[in-house]
Amino acid sequence: MAEVEGSSLVAQAIQREGIQTLFGLAGGPIQDIMGFAPHFGIRPIGVRHEQAATFSAAAYGFVKNEVGVAVLAAGPAVTNGMTGAHVAFDNCLPLVILGGSGPQKGRYTGTFQETENVPMFKGITKMSVQVDSTARIPEYLAMAFRKARTGRPGPVYIDLPSDVLQNGVDEDSVNWPTNYYADAPSPGNASQVKRAAELLLNAERPMMIVGKGVRWSEPTAELRQLVESVGMPYIASPMGRGFIPDDHPLNFAAARSSIMGNADVVVVVGSRLNWMFGFGRQFPADAKVIHIDIEPEEIGVNRAVDVGIVGDAKAVLQQILTELEGKTAGMAERAEEGPWLSALRDRVERNAEAIGGYLTSNDKPIRTHRLLHEISEVFPRETIYTVDGQTTLATGRQVLQSYTPASRLNSGTNGCMGVGVPFAIGAALARPDVPVVSV
C-alpha cells in the first residue's frame, strides 16, 4: 500500500475545501506543503514577509467568500504572521493559519527555531492547537476550516511540527472527515421577528446599519427590499459598503451623525456597536434597537436592545420581509415625502457643499480629497478599493464609493497600518475580473 507524507495530506485537505489559492513564504518545515499544493490544483502565492501572507489570505477570503489560507515557516515566520491573525480576529474574517514548528521529539532541547506557538495565538484566534500525529492531519484541518467559517467567522491557528509533516502514513488508512458543516442557515426566533416587524411598521424615523458580517450570507436582495419597502434610510460600516450600492437614494452615509442622532428605530444587521458606531450612544435614549447577528454574545453589547435576533442575516431578513408582506403599502411613498428623509437630504446637501471645494482644489501639496476624487473618476463602478492609513481611510469614506459586495477593504476595527497592498493582492487574486486599487 502507498505511503503518503503529512505535507501532502495538508495540501489535499485544503483542496477538499474547494480552496484554490494559499499564501506563504517557503521555509522549513512547511515548504513541502507549498510544493504539493499545485499537484492538487492549489496555487501557492509567495510573499516577501509573512505578515503579508496573513493579510492577503484574509482579504482573499473576504472577497471570495471563503476561508483564506496562509502557510508560515517555523520560528520568526510564525510570529511575523501574528498581526494578520490579530486583524482577522478583530474583523471576524475566516482565516486558517498553518504554522510550522520544530519536531515533537525534540521539544525543550533547544532545536532550531523552537517556539511555543500555540499559546501566542490563543487570545487572537477562535482556536489554536498543535497537530499531534500525521494520521490526524485531515481531522485537524476539517476542524480548523469548520471553526473558521461557521458562527461568527475568525482565524484559526494550526501548529504543524516538522516530524508530523515529514512522516508518512498508509494512504488507505487515512480517515477523511465528511459532512462536517451544517448547510441550513439558522433562522431567528419567530416572536422576535414579529416584534421587529411591528417596530418597523410603527416607526417614524427608522434607520438601518449594515455591517461587514452580512458578507457570509450576502443578503443583497433582502437588504435592498427591506429599505425600499419601508422607505428606511441606511448607513454601512466601512467594509459593509456595497451590499447595497452607495448611490442608492436611501444611503445617508453623508448624514451619519444626523441619522444616528435622531432615529427612533435602529436596525443593526451584521455589525457590532463598537467604537465605529459610537458604542450605540449616539442613538437617542428612547430609540428602539433591533440587533440581528449570528453571534449570541454580540446582542446587547454596549447598548441595550429591544429586539435581539440571533441567526443568519439572510434568513432573518427573509423572515422579517415575510412578516411585513402586505402591510407596507404606501409606506415608502409617505417616507419619501415626509420630514425624516427631507431633513436628512438637507444635511447631505450641506455636508456636500462643505467638502465640494476640496474635490477640485489646486492646493499644493495636493489634498487627499482631490487625489481620491481623481482616482474615482478613472476607475469603473466594479472597482475594489483597499484603503490604508488614517488620512486616506477618513477621506476615502467621504470620496470613494462602493457599488458591489466586498468591494471595500480597510484596516478595520483595530486600525492596523500596512494592510493596503497585501489586501489588494489578495483581493486581486480573488477577483481577477475587476480592477483593484490600493490607496
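Predicted model: local features only at pLDDT ≥ 70, side-chain atom pairs only at ≥ 80, totals over all residues.
I158 is found in strand β7.

Which residues is I158 in contact with, leaving aside its neighbours within four places in sequence? They are I97, L98, G99, M127, V129, V131, Y140 and A144. For one of these, V129, the C-alpha atom is separated from that of I158 by 5.4 Å, although the two residues are 29 residues apart along the chain.

## Aromatic pairs

A pair of aromatic rings is described by the distance of the centres and the angle of the planes. The structure holds five such pairs. In one of them, the ring centres of F121 and Y157 are 4.1 Å apart and the planes are at 5°, so the pair is stacked. F121 belongs to helix α6 (residues 117-121) and Y157 to strand β7 (residues 155-161), so this pair ties together parts that are 36 residues apart in sequence. Both F121 and Y157 are buried.

Y180 and Y181 form an aromatic pair that is tilted, with 4.9 Å from centre to centre and 45° between the planes.

## Helix α14

Helix α14 consists of 21 residues (339-359).

Which residues of α14 are buried? W340, L341, L344 and L359 are buried in this helix. The elements that cover the buried residues of α14 include strand β9 (206-210) and the helices α11 (256-262), α13 (331-337), α15 (368-378) and α16 (390-399).

Strands of a sheet pair through backbone hydrogen bonds, either parallel or antiparallel. Here, three strands form an open sheet in the order β15-β14-β16, and their pairing is parallel. Strands β15 (408-409) and β16 (436-438) are the edge strands, each pairing on one side only.

Strand β14 (residues 384-386) pairs with β15 in the parallel sense over two bridges. The bridge partner of Y385 in β15 is R408. Helix α17 (residues 420-430) packs on this sheet and touches β14, β15 and β16. The direction of α17 makes about 175° with that of β16.

Key
Residues numbered from 1 in each chain as written. Heavy atoms only, no water. Helix = DSSP H or I, 4+ residues; strand = E, 2+ residues; numbered from the N terminus. Expected span 1.5 Å × (residues − 1). Buried < 20%, exposed > 50% of the residue type's maximum accessible area, 1.4 Å probe, protein only. Contact = heavy atoms within 4.5 Å. Pairing = 2+ DSSP bridges. Axes fitted to C-alpha atoms, helices over the stretch in contact; angles between N-to-C directions. Phe/Tyr/Trp six-rings, centres within 6.5 Å; stacked < 30°, edge-to-face > 60°.
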